[in-house]
Amino acid sequence: MSDPAKEYWKANIRLVTILLVIWFAVSYLFGIILVEPLNAIRIGGAGLGFWFAQQGSIYTFLVLIFVYAIRMNALDRKFGVHED
Amino acid sequence: MELQTLIYLFVGGTFALYIGIAIWARAATTGEFYVAGKGVHPIANGMATAADWMSAASFISMAGLIAFSGYDASVYLMGWTGGYVLLAMLLAPYLRKFGKFTVPEFIGERYYSQTARLVAVLCLIVASVTYVIGQMKGVGVAFGRFLEVEFEVGVLIGMAIVFIYAVLGGMKGITYTQIAQYCVLIFAYTVPAIFISLQLTGTPIPQLGLVSTMADSNTFMLDKLDQVVTDLGFSKYTEQKGTSLNMVLLTLSLMIGTAGLPHVIIRFFTVPKVRDARFSAGWALVFIAILYTTAPAVGSMARLNLVETVQTGPVGQPEANLVYENRPEWMATWETTGLLAFEDKNDDGRIQYYNDNNPEFAAMAEEQWGWKGNEMTKVDRDIMVLANPEIANLPNWVIALVAAGGLAAALSTAAGLLLAISSSISHDLLKGVFMPNISERNELMAGRIAMAGAIVVAGYLGMNPPGFAAQVVALAFGLAASSIFPALMMGIFNKKMNNVGAVAGMLTGLTSTVVYIFIYKGWFFIPGTNNLPNTSEYWLFGIQPESFGAVGAVINFAVAIAISKVTQAPPEHIQHLVEDIRVPKGAGTASAH
């Protein structure tokens with residue numbers, strides 16, 4: 001693999017790692033493991049942990065995918081590996 | 001207008017639309033048949049993916065599951081959406097760059113092994129067939145209830161409709177039909193939800209209604225729900241009942257299972273570019289999230305409505321329980337289907353609905369109020385969404401709309417699954433293994449014949465479902481999670497992964513998951529053949545069989561990596577192939593070898 005391609009792959013892995021840490025935090029951590037303590041904080045009629053499990057995690061997933069798509073398309077151009 | 005006339009009108013109208021689209025979008029080449037010529041716009045593909053993914057289970061069953069399990073049902077909400085994050089970041093763009101037609105084709109080429117390809121075909125067919133049985137059954141149930149025809153006739157009508165547009169149009173026809181089906185199903189799901197949220201909380205947006213106060217008081221809707229269910233001896237709606245370990249593992253199994261399901265993955269082969277594949281996963285989740293974030297509101301509000309219909313005043317006052325003779329029309333209608341049943345155990349002519357499995361509460365209720373057991377002896381979870389508009393007294397056209405929506409959800413998923421099955425038969429088995437020199441014309445014909453055959457098999461199994469139909473869904477996700485997902489991911493992210501490692505990983509992941517499920521649920525789900533009782537004290541580390549797919553995936557990764565370290569590295573040209581799929585540059589618009 002040529003050097004820019006290597007750098008591109010490294011940047012890609014870094015980005016995906018950060019996004020997957022957030023993915024883990026909002027679902028497994030906030031929605032399941034820490035649900036009890038978080039429920040002490042209320043968001044309207046629901047505990048925060050309950051809200052993350054049934055609403056918040058899904059909204060976060062959406063943001064994560066679009067951030068990934070936009071950042072990756074920028075990386076494609078930066079390293080000159082974009083299509084056409 | 002009469003309800004039955006409206007239903008015929010709505011269902012007939014949507015079916016005419018689907019067939020019209022099919023005739024307009026006929027497939028002329030194998031490229032169009034397998035991947036819609038790779039010319040589908042990412043937003044359109046996102047919508048089609050959403051319809052493909054959201055089955056009769058999402059549309060009909062999920063809200064009912066939430067209504068009765070409360071917080072614990074969160075695993076399905078997170079599990080069936082979080083998989084798209086993995087799909088978008090770890091698989092979709094790379095598989096699109098690879099630019100072929102099927103999932104086994106990637107596995108076969110990446111691991112330079114026909115064995116690997118055949119193992120993948122096997123996993124794909126088992127996972128997809130188990131899934132499609134449920135869809136066909138859903139079609140039969142929906143037709144049976146709404147068109148008042150026999151269950152078998154319902155399945156036959158469904159088969160005929162899918163036959164016309166899937167055989168004729170292939171992926172191209174399916175994609176454009178699914179877009180129409182998405183619009184029908186999402187409209188049908190959200191309209192009753194908006195009405196019910198308005199009635200209960202005064203908020204037209206169900207997602208806000210979930211966390212709002214009741215329209216007639218300052219009590220929050222969820223607090224009120226917790227109160228009314230605990231008053232009847234049930235556990236709190238918002239409280240956790242299962243163990244955290246099982247919730248984590250089940251969520252993870254569903255997420256990686258979602259990302260590994262072939263009929264979802266092939267949808268990303270249809271977009272023109274790699275960057276479209278990334279965005280398309282995002283759009284798919286947008287369209288899925290509209291339903292999945294509405295479902296918790298539908299579930300909680302349906303539970304509240306149900307309890308308050310039966311328990312009209314303070315618990316314990318005799319006149320606070322619904323008089324059976326005065327029960328609303330919808331209860332009588334659903335009683336005739338057998339999905340709802342009452343039994344007046346204490347002969348007072350009134351219905352008592354409470355948790356008689358709670359010994360303390362049951363004893364207290366008997367002593368103080370003379371209650372002799374829960375009298376709503378059966379309430380099938382699946383009726384919650386279908387009966388919801390009737391429970392909330394919504395106009396007839398909303399009920400007709402829900403009927404058309406449920407059918408759209410079942411048909412769109414069935415078509416996607418049938419395409420995945422037929423393409424792996426005609427492309428992977430026939431062209432890939434048995435007749436490599438087959439002409440494109442004949443391969444297209446073979447694809448259509450395989451599709452027709454798959455529809456007949458699916459219809460037959462839908463009419464004669466094996467006794468284990470409900471349990472096989474766990475198996476489908478377990479298979480996809482423990483075999484397909486790890487093989488695909490390592491194929492992209494581990495350049496040194498070789499054929500021996502990948503095949504050994506797939507087989508051990510697959511076997512360990514299947515064996516674990518069979519030990520507790522019976523071999524091939526035959527009752528009585530289980531080796532251990534399916535209860536928590538016998539589970540390994542307390543892990544329930546449904547959650548084991550994630551463990552199977554870990555075993556797959558570990559075995560594959562260990563074996564690849566001690567066996568020969570993949571040949572040079574395979575390592576170049578991996579380097580090539582990692583960069584978007586040079587992705588062709590279409591490729592047929």
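Biologist: Contact means heavy atoms within 4.5 Å; which residues does B:D382 touch, not counting residues up to four places away in sequence?

Modeller: B:D382 touches B:I60 and B:S61, with residues up to four places away in sequence left out. This is a predicted model, in which local features need pLDDT of at least 70 and side-chain atom pairs count only at pLDDT 80 or more, while totals for chains, interfaces and linings use all residues. Residues are numbered from 1 along each chain as its sequence is written, chains are lettered from A and ligands numbered from 1 in the order in which they are written, and side-chain values use heavy atoms, with hydrogens and water left out.

Biologist: Where is B:D382 placed?

Modeller: B:D382 is in the loop between strand 2 (376-379) and helix 16 (383-391) of chain B. Helices (H or I, at least four residues) and strands (E, at least two) are DSSP runs, numbered from the N terminus.

Biologist: Turning to B:T251, what is B:T251 in contact with?

Modeller: B:T251 is found in helix 11 (residues 244-260) of chain B. Apart from neighbours within four places in sequence, B:T251 is in contact with A:Y28, A:I32, B:V75, B:M78 and B:G79. B:T251 counts as buried because its relative accessibility is 0%.

Biologist: Which domains does the assignment give for chain B?

Modeller: Domain 1 (3-304 + 391-582) and domain 2 (305-390); such bounds come from an automatic or database domain assignment. The contact takes 32 residues from domain 1 of chain B and 27 residues from domain 2 of chain B.

Biologist: How many salt bridges cross that interface?

Modeller: The rule, a side-chain nitrogen of Lys or Arg within 4 Å of a carboxyl oxygen of Asp or Glu, finds one salt bridge across the interface of domain 1 and domain 2 of chain B.

Biologist: Now chain A. Where does helix 3 bend?

Modeller: Helix 3 of chain A bends by about 50 degrees at A:Q55. The bend is the angle between axes fitted to the seven residues ending at a residue and the seven starting there.

Biologist: Why is helix 3 of chain A called largely enclosed?

Modeller: Because 23 of the 31 residues of helix 3 of chain A are buried, helix 3 is largely enclosed by the rest of the structure. Helix 3 of chain A is followed by A:G80, whose phi is positive, near 65 degrees.

Technical notes:
Buried < 20%, exposed > 50% of the residue type's maximum accessible area, 1.4 Å probe, protein only. Contact = heavy atoms within 4.5 Å.
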